[in-house]
Number of protein chains: 2
Amino acid sequence: MLKNDSFLKALLRQPTDHTPLWVMRQAGRYLPEYNATRGRAGSFLELCKNPDLATEVTLQPLARFPLDAAILFSDILTIPDAMGLGLYFADGEGPKFERPLRDEWEVRNLTAPDPTVHLRYVMDAVKSIRRALSGSVPLIGFSGSPFTLACYMVEGGGSDDFRHIKGMLYRRPDLLHRILEVTTEAVIQYLNAQIASGAQAVMVFDTWGGTLTTPAYEEFSLQYMRRVAEGLTKEAEGRTVPSIVYTKGGALWLESIASAGFDAVGLDWTINIADARKRIGDRVALQGNMDPSALFGTPEIIQQEVARVLNGFGNHPGHVFNLGHGISRFTPPENVAVMVDAVHSQSRQIRL
Amino acid sequence: MLKNDSFLKALLRQPTDHTPLWVMRQAGRYLPEYNATRGRAGSFLELCKNPDLATEVTLQPLARFPLDAAILFSDILTIPDAMGLGLYFADGEGPKFERPLRDEWEVRNLTAPDPTVHLRYVMDAVKSIRRALSGSVPLIGFSGSPFTLACYMVEGGGSDDFRHIKGMLYRRPDLLHRILEVTTEAVIQYLNAQIASGAQAVMVFDTWGGTLTTPAYEEFSLQYMRRVAEGLTKEAEGRTVPSIVYTKGGALWLESIASAGFDAVGLDWTINIADARKRIGDRVALQGNMDPSALFGTPEIIQQEVARVLNGFGNHPGHVFNLGHGISRFTPPENVAVMVDAVHSQSRQIRL
């Protein structure tokens with residue numbers, strides 16, 4: 001029923017006639033039409049919580065560029081918000097929680113929200129986006145990783161040193177494990193509810209796992225993502241539902257990440273994709289990994305950087321092109337068009 | 001003449017009876033006596049520019065803990081300040097430049113400052129600290145890496161996306177190379193002037209090289225650090241002057257960093273030091289790499305983390321213990337005492 005299933009095929013390492021691509025944060029502030037809708041919504045959170053507007057912004061980048069997948073427009077912090085922590089956005093400051101988790105009593109009382117009740121607005125958005133896409137390209141659902149969610153929950157917002165969660169990790173690892181247990185359960189239910197609502201692939205964003213030591217990454221981040229991979233619904237609508245895991249700053253641990261049970265590993269821009277492929281072979285598909293800043297370059301530079309990534313991966317199945325991190329709000333949209341065109345045309349050439 | 005030369009010996013991979021240690025940012029805001037001196041100085045910059053007060057704060061951690069080296073108290077941005085960019089510190093905001101480098105004309109006119117004239121206050125501080133140390137432990141001089149200095153110079157301060165310098169890297173690499181050429185010359189002269197004034201080892205801090213792609217790291221950061229290594233004075237006062245290079249987030253590129261011409265490589269906390277040693281053998285000494293957040297732990301946890309690093313390196317010459325990044329201002333000083341004691345006593349045990 002899907003007109004373009006190249007993205008799903010590539011995640012399962014099946015041959016495609018071109019390298020499919022999408023862009024992390026493709027529905028976002030670099031698009032004037034996004035800013036217009038957000039202006040109408042009133043705030044970022046109202047935009048996320050309104051299924052019609054979430055559908056509208058999800059489809060905006062697809063109207064501009066022939067991308068091979070759509071991704072649910074939502075926030076990474078919907079789960080802790082549904083747990084009662086009180087998500088809000090202070091002007092120009094990023095996400096904050098009214099009630100960060102620091103206290104033993106609060107940790108003991110934490111429970112996983114029922115996604116079909118407390119996160120129903122997300123499921124409504126997934127259904128509405130699926131209808132609006134009407135089989136053009138697949139829809140990606142997503143969640144933050146348990147550790148990344150815990151970072152925001154314990155810090156009460158973003159951080160440049162993560163001293164509260166790391167203090168807990170070294171002083172009260174039992175409390176942190178309890179938070180991660182509950183959050184892991186919540187992530188599994190949340191992603192499976194998205195799949196039940198129509199998500200055709202899912203991605204776990206581990207934005208902050210890369211700030212840990214090697215053993216702490218294994219114990220506090222990767223271990224729980226492995227459980228998420230195990231708990232995921234594997235098939236829906238008669239199709240495999242592929243899964244992607246992405247740890248920013250995780251290139252050092254690529255072998256372990258590739259063994260965590262996901263179909264694909266997202267790479268940030270620091271590692272050469274050729275080296276990544278050498279290290280893990282074709283055990284999993286790879287997604288990535290152009291430097292988002294390369295989109296500040298001239299068309300020639302963008303085409304060169306696309307070529308570097310495509311040729312680095314080589315002529316094998318199992319590559320989804322993407323940036324190595326979310327697109328910058330300062331990106332000229334016409335440069336995205338150059339990249340999309342270069343990925344499609346160059347990858348068709350490579351396959352000849 | 002040095003009473004304790006264990007630090008210099010370890011950097012040259014000579015045997016020592018214990019693993020020497022110092023702490024990145026050891027003279028800093030976690031010490032009440034530092035905050036008192038800073039209060040008297042009026043501002044951070046006045047503290048840096050007053051050789052008597054810089055001497056006072058440099059010695060404060062040594063009065064508390066039996067550390068094996070002192071490090072010059074100064075700011076990483078003294079070179080661009082001496083180039084005329086106008087360094088200032090906005091309240092609670094970190095360093096800023098009044099005149100960031102964005103314009104081609106400004107870049108073409110950039111010149112390396114004469115460190116004995118424009119940075120004389122640093123040389124006076126080095127001389128004064130050497131006198132005050134009177135041979136107890138060696139004094140480390142330091143500089144930011146050319147790329148890291150360029151980041152601040154082009155961004156005009158700290159950044160979370162580095163979009164100005166990365167925009168320049170992808171749009172006008174010729175301009176960025178010009179900045180890096182001049183800055184490399186400045187770093188060499190600056191470090192050599194510190195050595196001539198009495199610094200007995202030097203360290204290059206590449207705080208932001210880890211935000212680059214693999215080829216861009218080689219072209220815009222490592223290449224210039226290699227030139228710095230070549231240009232450094234190798235001997236002073238009849239002794240070898242060892243050099244250390246540190247790239248935060250550089251674990252992926254460890255082999256290339258270890259071949260850049262420095263005597264030692266500083267590791268951040270993300271990599272297991274055992275894996276680092278496996279990858280580079282005894283080509284260079286290693287410095288690091290306990291997680292600074294482990295100092296928020298209990299004494300038992302701190303001792304365990306010290307053991308993990310010491311045992312990870314193993315019973316070989318060539319290890320300087322340190323944190324993997326600067327110490328947090330929220331660290332209880334008594335936990336530093338636990339770490340220092342654990343490093344000295346455990347490493348003496350390992351050598352038995």
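## Helix 9 of chain B and the glycine after it

Just after helix 9 of chain B, B:Gly156 adopts a positive phi of about 85 degrees. Helices here are DSSP runs of H or I with at least four residues, strands are runs of E with at least two, and both are numbered from the N terminus. The model is predicted: local features need pLDDT of at least 70, side-chain atom pairs count only at pLDDT 80 or more, and totals for chains, interfaces and linings use all residues. Residues are numbered from 1 along each chain as its sequence is written, while chains are lettered from A and ligands numbered from 1 in the order in which they are written.

Helix 9 of chain B covers residues 146-155, and ten of its ten residues are buried, so it is largely enclosed by the rest of the structure. A residue is buried if 20 or more other C-beta atoms lie within 10 Å of its own, exposed if 12 or fewer, and partly exposed in between, with C-beta atoms placed from the backbone. Among the buried residues of this helix are B:Phe147, B:Cys151 and B:Glu155.

Most residues other than glycine have a negative phi, and most peptide bonds are trans. B:Arg25, which is not a glycine, has a positive phi of about 65 degrees. B:Arg25 is located in the loop between helix 1 (6-11) and helix 2 (32-41) of chain B, and is partly exposed, with 18 other C-beta atoms within 10 Å. Phi is also positive, near 55 degrees, at B:Glu237. The loop between strand 6 (235-236) and strand 7 (239-240) of chain B holds B:Glu237, which counts as exposed with 10 C-beta neighbours inside 10 Å.

In chain A, the peptide bond from A:Gly288 to A:Asn289 is cis, with omega near -5 degrees. A:Asn289 sits in the loop between strand 10 (285-287) and helix 15 of chain A. In chain B, a cis peptide bond joins B:Gly288 and B:Asn289, with omega about -10 degrees; B:Asn289 is placed in strand 10 of chain B.

## A buried leucine

B:Leu295 lies in the loop between strand 10 (285-290) and helix 15 (299-313) of chain B. With 26 C-beta neighbours inside 10 Å, B:Leu295 counts as buried. Its contacts, not counting residues up to four places away in sequence, include B:Ile302, B:Ile327 and B:Met339; two residues are in contact if their C-beta atoms, placed from the backbone, lie within 7 Å.

## Helix packing in chain A

Helix 14 (residues 273-280) and helix 15 (residues 299-313) of chain A pack at an angle of about 15 degrees, with their axes 7 Å apart. Axes are lines fitted to C-alpha atoms, for helices over the stretch in contact, and angles run from 0 to 180 degrees between N-to-C directions. Where these two helices meet, A:Ile273, A:Ala274 and A:Arg277 of helix 14 contact A:Val309, A:Gly312 and A:Phe313 of helix 15.

## How the two chains meet

A rotation of 180 degrees with 0.0 Å of shift along its axis superposes chain B on chain A, with an RMSD of 0.0 Å. The two copies are thus related as by a two-fold rotation axis. The superposition is by least squares on the C-alpha atoms of residues with pLDDT of at least 70 in both copies.

Contacts join 25 residues of chain B to 25 residues of chain A. Helix 10 (residues 163-171) of chain B supplies the largest share of the chain B side, five residues. Since 100% of the interface residues of chain B are also interface residues in chain A, the copies meet through the same surface.
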